[in-house]
Amino acid sequence: MSFPAKYPSLNETTLSAEAKSILERIIRVAFPHPNFPDGAYQRMCEKVVSEAESSTWFRVVLTQGLLTLEAQLAEGERFLDLPEERALALLRRMEDLEFFGFIRRTTVLNLYGDPEVLTALGYEGESFSRGGYLNRGFDDLDWLPKARIEEVDEPLTEIGPLPYKVRTTAAAPPAEGSPPTEGSGGSSAAAAAGPHPQSGIGAEGKTQQPGEEQ
């Protein structure tokens with residue numbers, strides 16, 4: 001997809017040096033990490049521009065977004081010169097625009113995978129090729145609180161067998177003439193009492209009609 005020849009500027013993604021500086025400042029303000037190296041933010045800026053080059057829509061979004069940002073400034077102001085709080089407040093007014101959403105998505109998916117960022121976060125990389133973490137300081141993190149291990153004087157609660165039997169599966173019906181076994185679904189007293197008078201079954205197993213005596 002490309003725009004007609006009468007709009008050639010929309011098919012170009014070359015940003016001026018100042019525009020790239022503004023884009024980098026946007027990323028820094030939106031993702032403030034004082035311990036991240038400058039190179040990570042610079043590479044992130046180039047990544048956003050590269051992603052925009054693959055889509056005409058995002059090229060327009062990026063270009064128009066930078067123009068919209070500039071239009072929010074007072075006469076004579078420069079986004080690069082704004083203090084952090086003012087720059088953040090300006091970006092918050094634009095956070096629902098596709099322009100900022102494109103920058104935010106691209107940054108979230110790429111900034112925290114930058115090798116220098118991973119080093120700054122304390123990630124040492126994969127360990128399989130170097131024999132694993134066990135003998136390479138797997139527990140040398142200094143940014144987590146020490147685990148608190150305390151002995152408890154209270155006696156532990158003993159958990160023994162349940163005081164009743166648990167029926168887990170349906171028991172097979174007893175053979176004809178044999179007494180029902182325990183846990184088969186009915187008690188021996190119920191079996192001795194015979195069929196229920198409203199069950200419709202007579203004492204000899206015949207169907208009993210309503211009103212008919214056994």
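## The largest pocket

In this predicted model, the largest pocket has a lining of 15 residues. Those that lie nearest its centre are E18, I22, L66, L67 and E70. The volume of the largest pocket is about 300 Å³.

Two helices, α1 (17-30) and α3 (56-71), each contribute at least two residues to this lining. The largest share comes from α3, which supplies 5 residues. By residue class, the lining of the largest pocket holds 10 nonpolar, 4 charged and 1 polar residues.

## Helix α1 against α2

Two packed helices are described by the angle between their axes and by the distance between the axes. For α1 and helix α2 (residues 38-53), the axes cross at roughly 115° and come within 9 Å. The crossing of α1 and α2 is right-handed.

On the α1 side, the contact is made by K20, L23, E24, I27 and R28. On the α2 side, the residues are D38, Y41, Q42, M44, C45, E46, V48 and V49. The contact of α1 with α2 divides into 7 nonpolar, 5 charged and 1 polar residues.

## Helix α1 against α5

Helix α5 (residues 98-110) also packs with α1, at an angle of about 70° and with the axes 11 Å apart. Angles of 65 to 115 degrees count as roughly perpendicular, so α1 is roughly perpendicular to α5. The crossing in which α1 passes α5 is right-handed.

From α1, the residues L23, I26, I27 and A30 meet F99, F100, I103 and T107 of α5. The residues of this contact comprise 7 nonpolar and 1 polar, with no charged residue. L23 and I27 of α1 take part here, and L23 and I27 are also among the α1 residues in the contact with α2.

## Helix α3 against α5

The axes of α3 and α5 are 8 Å apart, and the two helices pack at an angle of about 110°. α3 and α5 are therefore roughly perpendicular to each other. Their crossing is left-handed.

In α3, the contact is made by W57, F58, V61, L62, G65 and L66. In α5, the partners are E98, F99, F102, I103 and R105. The residues in the contact of α3 with α5 divide into 8 nonpolar, 2 charged and 1 polar.

Which residues of α5 meet α1? They are F99, F100, I103 and T107. Of these, F99 and I103 also belong to the contact of α5 with α3.

On α3, L66 takes part in the contact with α5. L66 is also one of the lining residues that lie nearest the centre of the largest pocket.

Note on methods
Residues are numbered from 1 along each chain as its sequence is written. This is a predicted model: local features need pLDDT of at least 70, side-chain atom pairs count only at pLDDT 80 or more; totals for chains, interfaces and linings use all residues. Side-chain values use heavy atoms; hydrogens and water are left out. On a 1 Å grid over the protein atoms alone, a cavity is a set of points where a 1.4 Å probe fits but cannot get out, and a pocket is an open set with protein on both sides within 12 Å along at least five of seven lines; lining residues have an atom within 4 Å of a point. Grid points are joined across faces, edges and corners, and a volume is the space filled by probe spheres set on the points. Helices (H or I, at least four residues) and strands (E, at least two) are DSSP runs, numbered from the N terminus. Ala, Val, Leu, Ile, Met, Phe, Trp, Tyr, Cys and Pro count as nonpolar, Asp, Glu, Lys and Arg as charged, and the others, Gly among them, as polar. Axes are lines fitted to C-alpha atoms, for helices over the stretch in contact, and angles run from 0 to 180 degrees between N-to-C directions. A crossing is left-handed if the near helix is turned anticlockwise from the far one by less than a right angle, and right-handed if clockwise. Contact means heavy atoms within 4.5 Å. Angles under 35 degrees count as roughly parallel, over 145 as roughly antiparallel, 65 to 115 as roughly perpendicular and the rest as oblique.
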